[in-house]
Every structure is written in structure tokens, then in C-alpha cells.
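I opened the notebook to go through one model, topic by topic. These entries keep to what I looked up.

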Amino acid sequence: MKRVSVAILTFLTFLCGISSIVCGAEDALKFEARSAILMEASTGRILYEHNANERLAPASVTKVMTMFLVYEALLDGRISYDDVVTVSAAAASMGGSQIFLEPMEKQSVRDLLKSVVIASANDAAVALAEFISGSEDAFVGLMNKTAADMGLKDTAFKNSCGLDADGHYMSARDIAVLTSVFIEKHPQVVEFSTIWMDSITHRTAKGESEFGLTNTNKLIRWYDGATGLKTGSTGKALYCLSGTAERDGMNLVAVVLAAPSPQIRFGEVMKLLDHGFANYKVITGDEPGFAVGEIPVEKGENELVSAITDGKVSAVVAKGAGGEVEAKRNITAKMAAPVEAGQKLGEITYTYNGEEIGKSDVVAAEDVARAGFGDMMRKMPKLWF
């Protein structure tokens, strides 16, 4: 009986130890913010969430969508950094965070965008919205369409800058998805989002004057690897943040909404990021464009076509998990001409510890036309001898 009692006592002590560890981990991730989420950007994997689907006022975190659409317009060539924007009276009248633009003032797209990213300027956001879509209302329509196209079901916009308005809301999950898409598609945003202090020049009928910009995102100075992205605060929204950071090739997005103070907002985002970097890592397959080999081409003007990977495969796994990424190729043995660049030749399946983490197509790197009569004649001696 004594041995049994000792065994039971030892087992109970073990359980208490495990319980203490688990409770300690839970305590470490308790939040005062009303909503929170942690996401890895390249895979979209959720690493932690708390009340992440509630529709809440996002304040200036709204500008993540505004900035995304500005970068989309730059990418499409509809606007350029050097385009000159004439500020409207409506844009100049925006309250809240601002750079104090004046009606008819002229500013470049670059300086307006920089002011939005760094200083969260409402007046600059509206000026850009009007420049891209003709009016802020039209731009808000584009914001809502883009949100719908992305599958953001708990998002609705009423303005481009995030001032409180009935029916203007986002969820932490939607913000994390949008932020992840943004930093994956437009990584150049870090050119502005990592600046601590800068300035722009006001150019008005009164002359020129310098105006200082200070980043509203204190993580840029406080957190190792911080890359952005957007703060927000209003009386209704309280204190919000979509924070991004990168370490060892892993990009994390941490969102908190409705935190009771700016200090708690930043502290809880750092807590989320710490949790992600401490416990997870990203594993990847071959980079897009990786040379797989050469495939014979029948009746082609060239006898071989280069085969390359056409997709990026990545997955998030727990740190400490052993194993390596393995690749299984399933590629055609030969092709018949003509072959077009980008034509699928097969695929590669990547696994980690026996589990599939993704697939990448293998495609032709170049065109191979069908051989003409002259090509065939030149090849004849080689075929004969």
C-alpha cells in the first residue's frame, strides 16, 4: 500500500506540474484587449486567437486597406509616386491625426503615402482616395469590393481613414488576413513603415514649410524585427494595432482591437509576436524558378526544354520538431513540340515528417517551337551517326 501511495503521489505531483505549465502558458497569453489574433503571413496559419471574429471599430487600422489600394494602383500603373495631387477642401477638413494639408495644396503621391504610413494622416488618406477614384465615396466602394473579393466577411467600410462611423467595422481576423496579403504582395511598404522620423514639405500659396512626421507605431523602436504596420485609436475603437515583424524568414501579423490603453496595445502585440517566434518556424520547398532539370522534346527545334518550379510552398511547424522537407517529383519523361513557356510538365509534392505540406507545378522555362524542314535536315546527320 505504501508503494501504491507513493506512486499515486508521484503521479499527482506530475499532473500538477503539467497543469502548472499549461496554466502558466495560458496566463502568459491572457489579454485585456477585446480581440486578438496571431497569424503567419505566408501560409495564413492562425497561431493564436481570442474573440477574433467580433466586428469592432478599427480606427486608423482601416488605413491598411487604403494603403493596400494605393500600392495596387502603383503596381497597375494607374498612378505613380511622382504624380502631383491637388488637395481638396474635403480632404483638408479631416480631423484627428493629420499633417494639416490646406485646400489647393499640391503634394506628391509619395509624400502623401509616406504621411499615411508613418503618421496615420487622415487628410493624406482622403486626398489619395480622391485622387485614385475621383471621390472618397467611390474609393470606399472599391475598399468594400476588395474586402468582399478577399473573403473578409466581417468588414464594412464607411470612410477611407477610420474615423468612427455607424456601420464601419472590421474583425481582428479580417485585419490579419488583409495585412498578410498586403505585406506578401507589397513588401516595399517597409520602406516607409520602418521609418521612425521623417518630414514632408508643405507647398501652398503662402510658401514652403517643413512638417515633421513621427511613426505612430512604437514597435519600430521597441521590438526586434518589427516591420510595421498600422496603429489606430478613437473614442469608440479604443486602441488598436496591426503589428508585423520578421525573424529568420518568418513574417508574423499580430492584431489587437479595443485595448484599454496605448501601452497595453503595444504590450499585447509584442506578447503575441514573442509567442510566435518562440514556438514556431517556417519550412519551405524549392523557391519559384528552381531548376529541376531538362525534358526531351520530340520534333522540336531544340531537343530539350528546361523545367522549373512554378510555386512557393511553405508551412508553419512547431520549433523542436525534427525532420527535413522531402520532395517527390512526378514529371513527364518527354514532351511533343510545340512547348510553351509556363506549360505544365509535372509537379513536386513536398512532405515533412511524412505529412504533405504542399505541391508546386513544374513548368517549361522557355518556348520550344516545332522543328521545321531545315531543322530536321540539320539533325539528320546526328540521327544517322
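**Aromatic rings**

I began with ring clusters and found that Phe68, Tyr71 and Phe182 form one aromatic cluster. I note here that the model is predicted. I then searched the whole structure for aromatic pairs and got five.

I looked up phenylalanine 31 and tyrosine 48. Their ring centres are 5.5 Å apart and their planes stand at 40 degrees, so I logged the pair as tilted. Phenylalanine 31 sits in the loop between helix 1 (2–28) and strand 1 (35–40), and tyrosine 48 is in strand 2 (residues 46–50), so this pair ties together parts 17 residues apart in sequence. I checked accessibility for both. Phenylalanine 31 has 14% relative accessibility and counts as buried. Tyrosine 48 has 22% and counts as partly exposed; the cut-off for buried is under 20%.

Next came phenylalanine 100 and phenylalanine 211. The centres of their rings are 6.0 Å apart with planes at 65 degrees, so the pair is edge-to-face. Phenylalanine 100 belongs to the loop between helix 3 (89–92) and strand 4 (106–108), while phenylalanine 211 is part of strand 6 (residues 207–214), so the pair ties together parts 111 residues apart in sequence. Phenylalanine 211, at 22% relative accessibility, counts as partly exposed.

**Charges over rings**

I went back to phenylalanine 31 with charges in mind. Which charged end sits over the ring of phenylalanine 31? The charged end of lysine 271 does, 5.1 Å from the ring centre. I found another case at phenylalanine 266. There the charged end of arginine 265 sits over the ring, 4.6 Å from its centre.

**Largest pocket**

I looked up the largest pocket and noted about 160 Å³ of space. It is lined by 15 residues, and the closest to its centre are Ser60, Ser97, Ser120, Gly232 and Ser233. Which strand gives the most to this lining? Strand 7 (residues 226–234) does, with four residues. I sorted the lining by class: eleven residues are polar, two are nonpolar and two are charged.

Serine 120 is not a glycine, yet its phi is positive, about 60 degrees. I placed serine 120 in the loop between helix 4 (109–119) and helix 5 (122–133). Is serine 120 buried or exposed? Its relative accessibility is 3%, so serine 120 counts as buried.

Asparagine 353 also has a positive phi, about 55 degrees, without being a glycine. I found asparagine 353 in the loop between strand 16 and strand 17. At 49% relative accessibility, asparagine 353 counts as partly exposed; exposed would need over 50%.

I then looked for cis peptide bonds. One joins glycine 228 and leucine 229, with omega about 15 degrees. Leucine 229 lies in strand 7, the strand that gives the most to the pocket lining. Another cis bond joins alanine 337 and proline 338, with omega about 0 degrees. Proline 338 is in the loop between strand 15 and strand 16.

In what order do the strands run? The order is 14-16-17-12-11-15, and the pairing is mixed. Strand 14 (325–331) and strand 15 (335–336) are the edge strands, each pairing on one side only.

Strand 14 and strand 16 run antiparallel and are joined by seven bridges. Here glutamate 326 stands opposite threonine 351 of strand 16.

Strand 16 (residues 344–352) is also antiparallel to strand 17, with eight bridges between them. I noted isoleucine 348, whose bridge partner in strand 17 is serine 360. These two strands make a hairpin with two residues between them, and this is where asparagine 353 takes its positive phi.

On to strand 12 (residues 304–309). Strand 12 pairs with strand 17 (residues 355–364) in the antiparallel sense over three bridges. Threonine 309 stands opposite valine 362 in strand 17.

Technical notes
Residues numbered from 1 in each chain as written. Predicted model: local features only at pLDDT ≥ 70, side-chain atom pairs only at ≥ 80, totals over all residues. Heavy atoms only, no water. 1 Å grid on protein atoms, 1.4 Å probe; cavity = no way out; pocket = protein on both sides within 12 Å on 5 of 7 lines; lining within 4 Å. Points joined across faces, edges and corners; volume = space filled by probe spheres on them. Nonpolar A, V, L, I, M, F, W, Y, C, P; charged D, E, K, R; others polar. Pairing = 2+ DSSP bridges. Buried < 20%, exposed > 50% of the residue type's maximum accessible area, 1.4 Å probe, protein only. Phe/Tyr/Trp six-rings, centres within 6.5 Å; stacked < 30°, edge-to-face > 60°. Lys NZ or Arg CZ within 6 Å of the ring centre and 35° of its normal.
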